[in-house]
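Please look over the sequence and the model first.

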Amino acid sequence: MKMTNYRLQTEIENIKTDKQEWFKNYVRQVLESTKPYHAKADYLGLSIKEIDNKISYISDDIKELQALKKNLTTAKQTALEATAEVLAEYGIDRLDGTAISSITITPKKTKLKETFKITDADALIKLGFYSVVVDEQSVKDAMLTVDGMNEIDAFVEVGVVSEDVPAKIKVNAKRSSANNQATELLSLVENQKVA
């Protein structure tokens, strides 16, 4: 593994599109140097290859970080839901903390999501609801009117799908930055000295 950067590589990494003259002058110095032409070519080429290597390395890191982010997001969601289930088993709907204000359980709820399915596209096209295929947005808009609903109703199905959103915990932050864990612990110690 290469531990140091070529100077040209550093110059490339810091070049700005609107301020290229310094870089051009450095390349001129390399070309006008007394080094053999193959050393000049290697120096220029290897500096650019090192930039390619860094780009490739960073791209791989980005992919790994995206996968890690996805896994952590899923793990967090699972932990929130599992913790809510356990707290509910014990009949706990709120836990107060010192570093955090509290942990509360958001209630389980059901989301309703409208579904839309065209059952007779040809009939809708004949009625004028099309672009090149059936224009679903125009059909949906027309269904919002009484006339449109009467005209279109026989050719579409409208339904509702329910989606259960499991209960999960919510970590609530303290409202005051002055009231933190350290000050609460100090007040507990002082109260014990008085008693």
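The model is predicted, so local features need pLDDT of at least 70 and side-chain atom pairs count only at pLDDT 80 or more, while totals for chains, interfaces and linings use all residues. Residues are numbered from 1 along each chain as its sequence is written, and side-chain values use heavy atoms, with hydrogens and water left out.

**The chain as a whole**

- The protein chain has seven helices and five strands; helices (H or I, at least four residues) and strands (E, at least two) are DSSP runs numbered from the N terminus.
- Starting at the N terminus, the order of the elements is α-α-α-β-β-β-α-α-α-β-β-α.
- Of the 195 residues in the protein chain, 17% are buried; buried means under 20% relative accessible area, exposed means over 50%, and partly exposed lies in between (1.4 Å probe, protein chains only).
- Among contacts with a separation of 6 or more, 63% join residues 24 or more positions apart; a contact means heavy atoms within 4.5 Å.

**Helix α1 and the segment before it**

- Helix α1 covers residues 7-14, and its buried residues are Leu-8, Gln-9, Glu-11 and Ile-12.
- These buried residues line one face of the helix, because they fall within an arc of 160 degrees when seen down the axis of α1; the arc is that of the directions from the helix axis to the C-beta atoms.
- The buried residues of α1 pack against α2 (21-32) and α3.
- Asn-5 sits in the segment before α1 and is partly exposed, at 40% relative accessibility.
- Leaving aside residues up to four places away in sequence, Asn-5 touches Thr-10, Glu-13 and Lys-54.
- The C-alpha atoms of Asn-5 and Glu-50 are separated by 8.3 Å, although the two residues are 45 residues apart along the chain.

**Helix α3**

- The 53 residues of α3 should span 78 Å at 1.5 Å a residue, and the 77 Å between its end C-alpha atoms agrees with this; the expected span is 1.5 Å times one less than the number of residues.
- The buried residues of α3 are Lys-40, Tyr-43, Ser-47, Glu-50, Ile-51, Leu-80, Ala-84 and Leu-87.
- Ser-47 has a relative accessible area of 0%, so Ser-47 counts as buried.
- Not counting residues up to four places away in sequence, Ser-47 touches Tyr-6, Leu-8, Gln-9, Ile-12 and Asp-42.
- Ala-82 also belongs to helix α3, and its relative accessible area of 39% makes Ala-82 partly exposed.
- Ala-82 and Lys-168 are 86 residues apart along the chain, and their C-alpha atoms are separated by 7.4 Å.
- Just after α3, Gly-91 has a positive phi of about 75 degrees.

**Salt bridges**

- Side chains of opposite charge can pair when their charged atoms come close.
- The structure holds four salt bridges; a salt bridge is a side-chain nitrogen of Lys or Arg within 4 Å of a carboxyl oxygen of Asp or Glu.
- One of them joins Arg-7 and Glu-11, whose closest N and O atoms are 3.6 Å apart.
- Arg-7 and Glu-11 are both in helix α1, four residues apart, about one turn of the helix.
- Arg-7 is partly exposed at 40% relative accessible area, whereas Glu-11 is buried at 15%.
- Glu-21 and Arg-28 form another salt bridge, at 3.3 Å from N to O; Glu-21 is partly exposed at 44%, and Arg-28 is partly exposed at 39%.
- Asp-96 and Arg-94 also meet in a salt bridge, at 2.9 Å from N to O; Asp-96 is exposed at 58%, while Arg-94 is partly exposed at 45%.

**A nonpolar patch**

- Tyr-57, Ile-58 and Ile-62 form a nonpolar surface patch, with about 320 Å² of accessible area together.
- Patches are made of residues with over 30% relative accessible area and no salt bridge; like charges are joined within 9 Å, and nonpolar side chains (Val, Leu, Ile, Met, Phe, Trp, Tyr) within 5 Å.
- Ile-58 lies in helix α3, which covers residues 37-89, and is partly exposed at 48% relative accessibility.

Terms used
Areas by Shrake-Rupley, 256 points an atom, 1.4 Å probe, with all protein chains shown as cover.
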